[in-house]
Amino acid sequence: MRWNKSLIPTLKEEPADAEVISHKLMLRAGLIRQLSAGLYTFLPLGWGAMLKIMQIIRDEMNAIGGQEIFMPALNPIEIWRETGRAEDMAEIMLQFTDRKGRETCLAPTHEEIITDIARNEIRSFRDLPQTWYQIQNKFRDEPRPRFGLLRVREFIMKDSYTLCSSWNELDTEYLKHDYAYRRIFTRCGLEYIVVGASSGLMGGSASQEFMVPSDAGEDKIVFCDQCGYSANMEIAKSVPNEVKFVEITEQKKVHTPNLRTVSEVSQFLGLPEHQMLKSLIYVSESDGKPFMVLIRGDHQLNEEKLAQFVGSVVRPAEPEEVIQWFGVPVGFLGPLNTPENLRIFLDESVPDDEEIKFASGANEIDYHIVGFTVGDIRIDERGDFRLVSDGEGCPECGKKLSIRTTIEVGHIFKLGTKYSEAMGATFLDDQGKQNPIIMGSYGIGVGRILASAIELYSDDDGIVLPITIAPFEVIITALDVTKPEVVRVADKLYEELRGKNIDVLYDDRDERAGVKFKDADLIGIPIRITVGRKVADDIVEIVLRRDHSTQEVNVASAVDKVIELKEMLDNEIFEKLDKIERKWE
RNA sequence: CGGGGCGUGGCGCAGUUUGGAAGCGCACCUGGUUUGGGACCAGGGGGUCGGAGGUUCAAAUCCUCUCGCCCCGACCA
């Protein structure tokens, strides 16, 4: 492509509305433009990179037997009601009524549509397994789009779905996806960590996320350097730090006027925070009933774990609700003298030793109770409700855990039969018996791959894209296009490289050298050929974007040299593929 | 949804406190000089000051409503 008439609107100044590096650079380098909150247009350079990424995805999906299809993004809401997700996803689903009065939505994902195809087309175990995928726009009415392409309302996702006749078959298809995903992210040049994750609104038994370490991310993962344990913070476990408990001799009620927080009360009582019991009131969204969760005062609640435990989305009770139900403000809630029908859950890390005594609210305004044991509490169930914090012990090996902010670029789920049962997608097994199809679901955020690559690879001059996803592999910077010999050589190199199937951008603009160098660095094309005054001596320069290392070569050998560098850069990435195992074989 | 910030040529901003002729830098157009890391000189085009209503002799500026964008939060009692 020739730059002169191309839509590559680079910006000298930083856009005011961009916060994270990838967002700033994508705007500055002319990859994207914003239409509205969470809605972006891909301009030629951005779309070029997206197409590269999508081609890698297609390659790898096809390699594990995936068949590409394309489903409507516009869905009748009725099909979403069949699984109950019209309700569950109501918050993020864009819905409207069309002109004939039909209730319609823009699909945030496609399990229901896939299951519909499956129930219409799949009859026998002989038809299974199947892997269907598409690359398509998804719509999610995010409460708060942000960080450029990292959280948007309309985005391109590769979503695939496996249909199996047995759980073993599902395990295989899941491992194949794990393999394909590792290859995809590796080929895109990303660093990533695979973690165990919560399946959230998708449902199902197991899931893994593919996370790119980056401060721009919105997810936190917990990992152990020693043994390799890793998990999303939402489900991560840990061994809490050892703490000492102060001896308390008698149980008594203490006047604690206006002291509501754990730290206020523990200071007032002269007790460590871990000897307080936090009494949190949550409400199960499925039955609307409140329940109490008790955790140590120095710990934090993990809502995701709680939701999994009670089997429903949960929300913290409103302060007004607490006063209405318990007659006290939240700051004075405690586990003793609670209503009989209130379920009480205790975090498993709270010791139930007879000798260890706790303090908590007294369920009476301005009073706390000091000196009770876990045995004094009417506990319904115990479970793991804690949020892991940095430096706690690894649940596998006991060494210290670390926490890292990451970008989620992929997520794979073993769905099981949640959708097939709800929608009646069945097959006949070899005994002639009808069974629900066993499903898996697998997603990749295409735009997030691009954004996280830029988060990983940039410098003060701009983007430094991995060659595999760069919209162009080579840029020819022709300096002073008013000189015929410069143009002649640059034109020749351009045609030759294109003839060798190299993706090359030809900067043929009548601009000063500084402008062209700055722009070339900004947009991050991996290899640059500078055609300038040295053509008089039959010489051009070849420069690598990542370190600006430069070599001068004869015009005649320039194409070979470029191909050599391209292969070197490609190989650096492809070498890593050898380490990825085919675990299902 | 709660809190905060911001809407002024394509981009980045000043002007708003204290009402009185819409400005600056970049970009763009013309001419000239330049030409290897975001050139210089001269001339020029382009703005319903987010929108609506109000106050006033007079509104970018004050008041009311509204729309949009960005940031923090939406859980720790």
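1. In strand β15, the residue that forms the bridge partner of S279 is L294. Strand β14 (residues 277-284) and strand β15 (residues 290-296) pair in the antiparallel sense over seven bridges, where two strands pair if DSSP finds at least two bridges between them, and where helices (H or I, at least four residues) and strands (E, at least two) are DSSP runs numbered from the N terminus.

2. The model is predicted, and local features need pLDDT of at least 70, side-chain atom pairs count only at pLDDT 80 or more, and totals for chains, interfaces and linings use all residues. Residues are numbered from 1 along each chain as its sequence is written.

3. β14 and β15 belong to an open sheet of five strands in the order β16-β14-β15-β17-β20, with mixed pairing. β16 (314-316) and β20 (381-383) stand at the edges with a single partner strand each, so one side of each is left without a neighbour in the sheet.

4. Helix α9 (residues 319-326) packs on this sheet, touching β14, β15 and β16, with contact meaning heavy atoms within 4.5 Å. The direction of α9 makes about 100° with that of β14; axes are lines fitted to C-alpha atoms, for helices over the stretch in contact, and angles run from 0 to 180 degrees between N-to-C directions.

5. Elsewhere, the axes of helix α2 (residues 44-63) and helix α6 (residues 167-187) come within 9 Å and cross at roughly 155°, which makes α2 roughly antiparallel to α6, a term for angles over 145 degrees. The contact is made by I56, I57, D59, E60 and M61 of α2 together with H177, A180, Y181, R183, I184 and R187 of α6.

How values were computed: Chains lettered and ligands numbered in written order. Heavy atoms only, no water. Parallel < 35°, antiparallel > 145°, perpendicular 65-115°, else oblique.
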